[in-house]
Amino acid sequence: MTSVAIIGAGFSGLAAAIELLAAGHDVILYERAEDVGGVWRENTYPGAACDVPSAYYCFSFDPNPRWSRRYAPQPEILEYLRTAADKYKVRERIRFGTAIVSASFDADTGRWCLESSHGDRFWADVLVPAVGQLSRPTLPEIPGRESFAGPSFHSAQWDDTVSLAGKRVAVIGTGASSIQLVPEIAPIVHSLKVFQRSAPYIVPRPDSPLTRLHHVLASRIPATLRAQRLSWQALTEGFTGVLHYSPLLSRAMTSMSRAFMRYQTRGDAELFGKVWPDYPLGCKRVLFSNTYLPALRRDNATLITDSIAEITPDGVLSATGEHHAADLIIYGTGFAAGGFLDHVTITGPTGTELREQWSQGARAYLGMAVPGFPNMFLMYGPNTNLGSGSIVAMLECQAAYIRQAVDAVGPGLALDVDPGTEDVHDAVLQARLGGGVWSRCESWYVGPTGRVTTNWPGLVSEYRSRTKEFAISDYRVLRPESGKPNRRAAMTDGGNR
């Protein structure tokens, strides 16, 4: 039986654990918090919900017939994950309150040694980091940020003890979280100042409550859920295809977004001029909302596009010199998506740290395997995010691939992806990405060196095909030295097998 250590108990950690436990492997998950859920545990801001339809944003083997809406709200997604953890016997395999700060591969034993923030050590044959791309909130480097006298927090660290009623609120950032929370808080605050650095494309969100008839049909005829899933999968795959392969259809979608945003701004030319993007559709994340732009038209709301010069004790100072008084600041400034695993020190058998190897940008074979780090397989790793579609579908592909890899790991053996194989994969990937829409503007998809480190350039179906069969010929098999039967000896390259 192969032992597997999984870091994180969000969607990706649970996906890997369910697959590996079903195959009979010895799995332990290490979770820094006291509950499962990952981003869906952390993001409790008003209006938090998924922007992928519920029927597609769940495990294919565990559809949920009881979603309340077409786009599930955060509490329901969290409850879905809690239920899955119990249903598939994962919860009993989780060590909660255990933050892993380092992991090193011991060449003498051929095993990974993990160390927690409390100094505890754990050993495993295989390491599966499953911390995701959107787990660490980022705050902007604005002068004076620490000087603000009132409460301030990131949208992913929402403080429920702070009342918004009657407050002068500043929201910094106009990404996916902000466009969900702004319409929710606008009616209850005294004034709302929204600071925008870059305008997002906004398209209609076809959301609605799901009726009792839907719930009955979904419960009694599961094929209806399967049909919904396939329909949304086809639609999102089509959207990806438009962005990458059809300039004509992309222009048509741009026109559709423009018409929708003009309609939502109701003839306010000044507001439309502020919210209409100046980059190609899809270069940054396209957002879905029917309520964000109307919220900006409220008498108590103002959209500010001037850059921020400074945070003062009582507000925000624009570069124009205008001061905007605020009682509360909410940062909707996203996550350190490109800083894969830089909060965990991961060291290979030669002493090389993963952050050092990734100094020019994170990369991995199929987003999962890194040369020089044997028996380590990433969930939601580099270049596995999607511009359109359900990341859960990608996670299932990865979990199945990792399960096959772990099946191939025998006693004392380790699999290290061949550097040449990974090089070819990365070169092809970056060539495709370099000619795609994500390389045409500055966004969180692009790392400091200009590499697109987050996104997969093709369809989910292509990724599924690429990861369906684990090929051990892509790996170097590291074997114990001969003549030492009583211990796992120093690992030697046994060549491709």
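**Reading contacts, strands and cysteines in a predicted model**

Reader: Leaving aside neighbours within four places in sequence, which residues is Pro-183 in contact with?

Author: Pro-183 is in contact with Ser-178, Thr-291, Tyr-292 and Ala-295, once its neighbours within four places in sequence are left aside. Keep in mind that this is a predicted model. Pro-183 itself lies in helix 4, residues 176-185.

Reader: Does Pro-183 count as buried or exposed?

Author: Buried means under 20% relative accessible area. Pro-183 has 14% relative accessibility, so it counts as buried.

Reader: What can be said of Ser-177, found in helix 4, and is it buried or exposed?

Author: Ser-177 is also found in helix 4. Its relative accessible area is 13%, and therefore it is buried. Beyond its neighbours within four places in sequence, Ser-177 is in contact with Asn-43, Tyr-45 and Ser-155.

Reader: How should I read a nonpolar core, and which residues have the most contacts inside the largest one?

Author: The general idea first. In soluble globular proteins, nonpolar side chains tend to be buried together. Here the largest nonpolar core has 113 residues, and Ile-6, Phe-11, Leu-192 and Ile-330 have the most contacts inside it. Helix 11, residues 391-408, gives the most to this core, contributing 11 residues. Apart from this core lies another, of 27 residues, including Ala-5, Phe-105, Leu-354 and Ala-364.

Reader: Which residues does Phe-11 touch, not counting residues up to four places away in sequence?

Author: On that count, Phe-11 touches Trp-40, Tyr-57, Cys-58, Phe-59, Ile-77, Tyr-80 and Leu-81, and also Val-392 and Leu-395.

Reader: Now the strands. How many bridges join strand 1 to strand 2, and do the two run parallel or antiparallel?

Author: Strand 1 (residues 3-7) and strand 2 run parallel and are joined by five bridges. Within this pair, Ile-7 stands opposite Tyr-30 in strand 2. To get from strand 1 to strand 2, the chain passes through helix 1 (residues 11-22), and this β-α-β crossover is right-handed.

Reader: Where does strand 2 lie, and how many of its residues are buried?

Author: Strand 2 spans residues 26-30 and is mostly covered, with four of its five residues buried. Strand 2 is also joined to strand 3 (residues 94-95) by two bridges, and these two strands run parallel. Leu-29 has Ile-94 in strand 3 as its bridge partner.

Reader: What is the strand order in the open sheet of three strands, and is the pairing parallel or antiparallel?

Author: A general point to carry into any sheet: in a regular strand the side chains alternate between the two faces of the sheet. In this case three strands form an open sheet in the order 14-15-16, with antiparallel pairing. Strand 14 (308-312) and strand 16 (323-325) are the edge strands, each pairing on one side only. On average, neighbouring strands of this sheet are turned by 20° against each other, direction ignored. Strand 14 and strand 15 (residues 315-318) are joined by four bridges. Thr-312 stands opposite Gly-315 in strand 15.

Reader: How do I read the cysteines, and which of them form a disulfide?

Author: The test is distance: a disulfide is a pair of cysteine sulfur atoms within 2.5 Å. By this rule there is one disulfide. Cys-283 and Cys-441 form it, with their sulfur atoms 1.9 Å apart. The angle about the S-S bond is -125°, and the link is left-handed.

Reader: Which parts of the chain does that pair tie together?

Author: Cys-283 lies in the loop between helix 8 (269-275) and strand 12 (287-288), and Cys-441 in the loop between helix 12 (419-434) and helix 13 (460-467), so the pair ties together parts that are 158 residues apart in sequence. Cys-283 is buried because its relative accessibility is 0%. Cys-441 is buried with a relative accessible area of 17%.

Definitions and conventions: Residues numbered from 1 in each chain as written. Predicted model: local features only at pLDDT ≥ 70, side-chain atom pairs only at ≥ 80, totals over all residues. Heavy atoms only, no water. Core = buried A, V, L, I, M, F, W, Y, C linked by side-chain atoms within 4.5 Å. Buried < 20%, exposed > 50% of the residue type's maximum accessible area, 1.4 Å probe, protein only. Contact = heavy atoms within 4.5 Å. Pairing = 2+ DSSP bridges. Axes fitted to C-alpha atoms, helices over the stretch in contact; angles between N-to-C directions. Right-handed = clockwise from strand over helix to strand, strands pointing away.
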